[in-house]
Amino acid sequence: MSPRAGQAAGVTGATAPSTLAFVESPVQLLNVLEWAHAAAATGPAGGLTVVVLSPNDPMTRGQLRRMAQLARDEGVEVRWEEARGGASAPFHTIGGLAGVLRRADRIVIGDPFSRYVQLLLTITRARSLVVVDDGTATMEFIAQLARGERLQRWHRKGGRPGPRDLVFAPVSASARRRLTPGGTRTVEVFSSMPIDSAPDGVTVSVNSFAWTRERFGPPRVSKGADLVGTSLVETGVVDPDRYLEAVRALARTHGATRYFAHRRESAEKLHRLAVETGLQVVRPDLPLELIARRGPIGRTILSFPSTVVHTLPLALAGTEVKVAVCDIDPSWLTETASPRAQGFLSGVTGTARDVHRLTSVRHPAPA
């Protein structure tokens, strides 16, 4: 048995941790634990404290609380911040973190596109920065960093900057400079995503989900299929009627009975989906990588282009579970979708390893 994540990171209980990690989602916290576990193989990572910048969404908060307990069980110190609990919350949060930010030797972040995180990066003096996965956005982050572009989420790219973007531009530019290696400043990207090339000076370390496989499973595998939901409707990329038709067709074709909801999917959409498809909608209380590893799970997992087509094959390595990904047909995209949407989603699918690629479900336009 390898050392636990917190022990690998050398948690000492000191008031000034050597390593300070900021997370805003359950997957980010999972990947911080994976990073700390991997660090045990190369040497201590320094005292680790995870700061949860809690969102308001109830499902995300619930998953984060479950992940926070798992982290504490690993010996990691967790600090929960109600970072969005009212207009004054960000000021209290940032003010309360300023001291430990300035003393930290290493900063670990899960979302370089987060304005909250970008603001915190302007305060730190740490010379070592680590970016862990927040999903497929890591691929876009690396590409933008290499091109020297401003940091912007892929599904928003192509639109004109709004007033808030312009006001925040100096902070975003400062964060991008902090995330660019130079002099004594080092930048590591710890990722399960396919990163073929990185900007000069950026170290890429592979996240193989070794901690997840060691702590959970192997799962009991059923004969049927499970379908993984996506928030592409909620982000304005995919038309909701087309999405519902695609889910119905996939479930019918492959005999899926369960639908694992993405934490950002709306209750209204999920209710409609359950009524019109007959699928059992499951709202996971942990990231899907852990849910699948603990089981029971279907022999086939069906997904649209998303992070899980990269992470599930790693988490489920050594099992008989197969992951299949269905392409997004261009006709499903909304009129307001980013011009880059189709290319980005195709890249997510095309670069996935150890998955079966399905032809996109084609159907007539909804009445």
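Is Phe209 buried or exposed, and what is its relative accessibility? At 1% relative accessibility, Phe209 counts as buried, where buried means under 20% relative accessible area, exposed means over 50% and partly exposed is in between, all with a 1.4 Å probe and protein chains only. The model is a predicted one, in which local features need pLDDT of at least 70 and side-chain atom pairs count only at pLDDT 80 or more, while totals for chains, interfaces and linings use all residues. Residues are numbered from 1 along each chain as its sequence is written, and side-chain values use heavy atoms, with hydrogens and water left out.

To start with the overall picture, the protein chain has 13 helices and 13 strands. These are DSSP runs numbered from the N terminus, with helices being H or I of at least four residues and strands being E of at least two. The chain has 367 residues, and 55% of them count as buried. Contact here means heavy atoms within 4.5 Å. Looking at contacts between residues at least 6 apart in sequence, 73% join residues at least 24 apart.

Now for the nonpolar cores, each a set of buried Ala, Val, Leu, Ile, Met, Phe, Trp, Tyr and Cys residues joined through side-chain atoms within 4.5 Å. The largest one has 42 residues, and the most contacts inside it belong to Leu29, Val32, Val50, Met67, Leu290 and Leu312. Helix α2 (residues 26–39) gives the most to this core, namely six residues. Another core, of 34 residues, lies apart from it and includes Ala126, Val131, Ala137 and Val187.

Leu64 sits in helix α3 (residues 58–73) and is buried, at 0% relative accessibility. Its contacts, leaving aside neighbours within four places in sequence, are Glu24, Ser25, Pro26, Leu29, Val52, Pro55 and Trp80. Leu64 and Gln28 are 36 residues apart in sequence, yet their C-alpha atoms are 9.5 Å apart in space. Trp80 also has Arg65 over its face, at 3.9 Å from the ring centre; a charge sits over a ring if NZ of Lys or CZ of Arg is within 6 Å of the ring centre and within 35 degrees of the ring normal.

What about the aromatic rings? The whole structure holds four aromatic pairs. Rings of Phe, Tyr and Trp (its six-membered ring) pair if their centres lie within 6.5 Å, and planes under 30 degrees apart count as stacked, over 60 as edge-to-face and the rest as tilted. Phe113 and Phe141 make an edge-to-face pair, with 6.4 Å between centres and 90 degrees between planes. Phe113 belongs to the loop between β4 (106–109) and α5 (115–121) and Phe141 to helix α6 (residues 137–147), so this pair ties together parts that are 28 residues apart in sequence. Phe113 and Phe141 are both buried. Trp211 and Phe216 also pair edge-to-face, at 5.8 Å centre to centre and 80 degrees between the planes, and both of these residues are buried. Tyr243, Phe304 and Trp332 form one aromatic cluster.

Tyr243 turns up again among the contacts of Lys269, along with Thr230, Val233 and Glu234, once neighbours within four places in sequence are left aside. Lys269 lies in helix α10 (residues 267–277) and is buried, with a relative accessible area of 13%. Its side chain makes a polar contact of 2.8 Å with that of Glu265; such a contact is a pair of N or O atoms within 3.5 Å, where, within protein, one must be able to donate a hydrogen and the other to accept it, and residues adjacent in sequence count only if both atoms are side-chain atoms.

Most residues other than glycine have a negative phi, and most peptide bonds are trans. Phe209, in the loop between β7 (202–206) and α8, has a positive phi near 60 degrees. A cis peptide bond joins Gly217 and Pro218, with omega about 5 degrees, and Pro218 is in the loop between α8 (210–215) and β8 (221–228). Gly295 and Pro296 are likewise joined by a cis peptide bond, with omega about -5 degrees.
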